[in-house]
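Student: I would like to go through this model term by term. Please set each value against its definition.

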Amino acid sequence: MSVPDYMQCAEDHQTVLVVVQPVGIVPEDQFFRIYKRVASVSQVSVRDSQRLLYIRYRHHYLPENNEWGDFQTHRKVVGLIAVTTCNSVKEWPQTADRFHAQKEVYGSTLYDSRLLVFGLQGEIAEQQRTDVAFYTGYDECPDVEKRVEDFVESIFIVLESKRLDRATDKSGDKIPLLCVPFEKKDFVGLDTDSRHYKKRCQGRMRKHVGDLCLQAGMLQDALVHYHMAVELLRGVNDFLWLGAALEGLCSASVIFHYPGGTAGKAAGRKPNVSQPADTGKRHRPGALTANGISADTSTEIGRAKNCLSPEDIIEKYKEAISYYGKYKNAGVIELEACVKAVRVLAIQKRAMEASEFLQNAVYINLGQLSEEEKIQRYSILSELYDLIGFHRKSAFFKRVAAMQCVAPTIPEPGWRACYKLLLETLPGYSLSLDPKDFNKGTHRGWAAVQMRLLHELVYASRRMGNPGLSVRHLSFLLQTMLDFLSDQEKKEVTQSLENYTSKCPGGMEFITLPDGVKLPPVPFTKLPIVRSVKLLNLPVSLRPHKVKGMQGQSMSTASPFIYSPIIMHSRGEERCKKIDFQWVQGDVCEVQLMVYNPMPFELRVENMGLLMSGVEFESLPAALSLPAESGLYPVTLVGVPRTAGNITVNGYHTSVFGVTSDCLLEGLPGVKTSGCLVEVIPSLPRLQLSTSLPRSAHTPQPLSKEELSSSIAIQLFNGESQQLAITLENIGTEDIETLEVKSRMVSTKEKVFGEFLSWELDEALSHLPLKPGQSVTLAVSIKAKLDFSGQENLLQDLNDDGISVTGLPISSPLRQVLKPRAETKPVSGDSGKAEYNHIKTLEAVLNFRYSGGAGKVEGYYRDVSLGVHIDVEPSVFFTRVSTLPATSTRQCHLLLDIFNSTEHELTISAKNNQDLVLHARWRSKWTSLTLKVCRSPTRRLCSSPIPNSWRRSDSTPRAVRSTASWESAGTFHPCGARGRPAWKEYLTS
């Protein structure tokens, strides 16, 4: 016997073997349909008896194994069921001959046989025969199972008769010597009359009768015969048969202790529920039933009397296997005994002892095995190791079996079988093809072995001609084993992946294997690695604002309670995710990712975009190139929401090395995010500003550049006006229906006279609603009127030679001592600027509030702001001051030296004085100003109203010649608080 039956278990010793085979040409699918129905009759309760007969079916059985039927009767083919197709009467004789020829193969051991004929009709089919059953078709055979039961009962009758015949003690007859095939030549010429020979014959026959009793359902009798056989065979050192007797004893004990069987759930035995447990007590020991068959007397005698304990079963198995090991030709018997012992130990949960039996089975030499037999052997070893919980060892042998499928000696390697077996090894190496299992914490298993196995899967799938599988496994290797790959291995794997994806790009679809296994997609969440995700607000000029009167309308009033902990809890969870700003339908929105490239080379990421849900969203993909092992690198992904509602950022999608990935944030445990849910409000119009004056980079403080759409900066002389034309263009998709303009000063301490910014809005409002692409112009007048007087008292006290004055009276402490009556001379522009430069600043913001479209209906609007920065210079300077002796007690004369700092002519006029015309950048010579005085009761001079500050009333900067009017703004006091002349204080302007 050269081919072991790896599926055998201890309870198979109780079964009778029936072979079911096709005769002639029978469709394979039809044959196995009938075979399954026949095999469903696995146990039969004998009529008028309390015994069960168990049947083991095989559709293929080597005749050479049948020769070992005397050694162990469960290996003997005692029944044959042939299935054939016969469509005409002419074919019947040939079919019958084939059936008889098939019986001849197992003729020496057959108890009975049956032929199932399908398709034959007519007189022959109407004949009533016990050994042949005729059916018109494979679908018209309702009584197949009943005929099989009748067939099994006939086998039982023959079995019982043989048992009784062999069990009867006939001392006068000579007991034949039962032999195994390889022993026959060794017993030639032995003395058959010796006592040793007779004991050998008796021992072997006792063992044989024990097998028959076990098959016939008489467990206790079998135990008795096995014990007797062990004693007899031990005395004559018949080790091979002694081992068989011990194995029979173990099998009978296992059947007693484990009535459910040891072959597992799939092959577990059905409990006999058709009769009560005390049925046997109604019969006397040895009594015959109505049909002359005695019942099993084990219940009355007590089965535990000769039964081995669970511990003794294993010891006897070890002893039997050691005896088998003495014979080279008994390797198959030894191997099968090891398998049976392992199954028993698995039931007993004694894994370490079971592994010893399996280790012994590995080294049993069975001679030259075919590649198919080697594959079967390693596969069974793998299943047995898995049965006892040695999962990694099981995976090892299954992987060996997979490699055996593609051995060089095989002319046509079975790459599909290899791939299937490799997939089955994954659990043993703590490896799953679902990348989600690798996000749960610490890596499990040996990474080096896992990478080797994944490489083998890639190669096997490529040899199968399935590049899509190769891409999926290689992607899985790169994603899950990235931390364990060296720099060189990373380069090699990525190069291989690019080669595969050039023929078959990788995607996010499930791959279904032929056996129904589905391979999940593998997103590249580590290429690149994302550390944080942040939703960005819209630019300040595009941010929507809610009308204050309508803010309360959006609040939920579903609950009548002021406080509810359940509601507050749910709202708290929502706040943890929801962002406190809004996006606008139709506007570009941004999400910033901080990414990191772990590869030792430049990483090119293509088609990177956002994955959104909740509203219709158009993602605008981007492409980026990350340097090798870069630090955190900001990447901004953009898109446009096309509808309003709540939108959720689910993740992002990429294309790396030809593999498209959908990376979900929930699968990235290390990602930091401030929230993923944001509200998208209905669409609003967009307004763009452009001005007639050039833009400036200057930003009014404390505002930021983000708060302004643009800024302008101009320089004016005090009192000068400037016209600003602002063009308002609708660059959005919605009509601008409302428009409001406001201005405000920003952080100024200067005193401004009149309106700084003024405009007429009616003309612009008449163009509303402003369609997309249309524009309207708004004229804004800028007028600078500031007070430059009294900022610093830089004049010195009068002296005999004159007085000290400053050329820069406000902005600088630089002083200049001028002698009285100096000659008038022109002052150059550059020197004038350096000498008299004094600038005051005005800053303001023009705010345009507008709305329209569906957003206006919901109460939203937008703001756009324009920054205005004005540098104001004084128009005139009083550079020198002096007085003339008074000629009257009612008036005095003041001499002023006036400088025109503008680029234009201007006229200086004072009350009761002649107008003075000054050219651009020229200083006037001493100008006399007459002051009227009166005496007070305190003998001090009191002034009549004259100017204490000079301010320019109008100006036309671009005119060739300008006139300016100057008038008094207060009361002149000749004497100050300390007795000094009071005019010193206002002349600083």
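Tutor: Start with the elements. Helices (H or I, at least four residues) and strands (E, at least two) are DSSP runs, numbered from the N terminus. The model is predicted: local features need pLDDT of at least 70, side-chain atom pairs count only at pLDDT 80 or more, and totals for chains, interfaces and linings use all residues. Residues are numbered from 1 along each chain as its sequence is written, and side-chain values use heavy atoms, without hydrogens and water.

Student: Where does Asn-237 lie?

Tutor: Asn-237 sits in the loop between α7 (219–235) and α8. Its phi is positive, about 55 degrees, although Asn-237 is not a glycine.

Student: Why is Asn-237 called partly exposed?

Tutor: Buried means under 20% relative accessible area, exposed over 50%, and partly exposed in between (1.4 Å probe, protein chains only). Asn-237 has 49%, so it is partly exposed. Asn-607, in strand β13 (residues 603–613), has 37% and is therefore partly exposed. Phi of Asn-607 is also positive, near 55 degrees.

Student: What makes Glu-247 count as buried?

Tutor: Its relative accessibility is 0%, so Glu-247 counts as buried. Glu-247 belongs to helix α8 (residues 239–257).

Student: Which side chains make polar contacts with that of Glu-247?

Tutor: A polar contact is a pair of N or O atoms within 3.5 Å; within protein, one must be able to donate a hydrogen and the other to accept it, and residues adjacent in sequence count only if both atoms are side-chain atoms. The side chain of Tyr-324 makes one with that of Glu-247 at 2.6 Å. The side chain of His-13 makes one at 3.4 Å.

Student: Which other residues are in contact with Glu-247?

Tutor: Contact means heavy atoms within 4.5 Å. Leaving aside neighbours within four places in sequence, the contacts of Glu-247 include Gln-72, Tyr-317, Ala-320 and Lys-340.

Student: How do you know that the span of helix α17 agrees with its number of residues?

Tutor: The expected span is 1.5 Å times one less than the number of residues. Helix α17 (residues 467–480) has 14 residues, so it should span 20 Å; its end C-alpha atoms are 20 Å apart, which agrees.

Student: Why is α17 called largely enclosed?

Tutor: Of its 14 residues, 13 are buried, so the rest of the structure largely encloses α17. Across the chain of 989 residues, 49% are buried.

Student: What makes β9 and β12 a pair?

Tutor: Two strands pair if DSSP finds at least two bridges between them. Strand β9 (residues 529–536) and strand β12 (residues 589–596) have seven bridges, in the antiparallel sense. Val-530 stands opposite Val-595 in β12. β9 also runs parallel to strand β19 (residues 672–673), joined by two bridges. There, Ser-532 stands opposite Lys-672.

Student: Why are β21 and β25 said to stand at the edges?

Tutor: Their open sheet of four strands has the order β21-β23-β26-β25, with antiparallel pairing. β21 (687–691) and β25 (757–759) each have a single partner strand, so one side of each is left without a neighbour in the sheet. β25 pairs with strand β26 (residues 775–783) over three bridges. Trp-759 has Val-780 as its bridge partner in β26.
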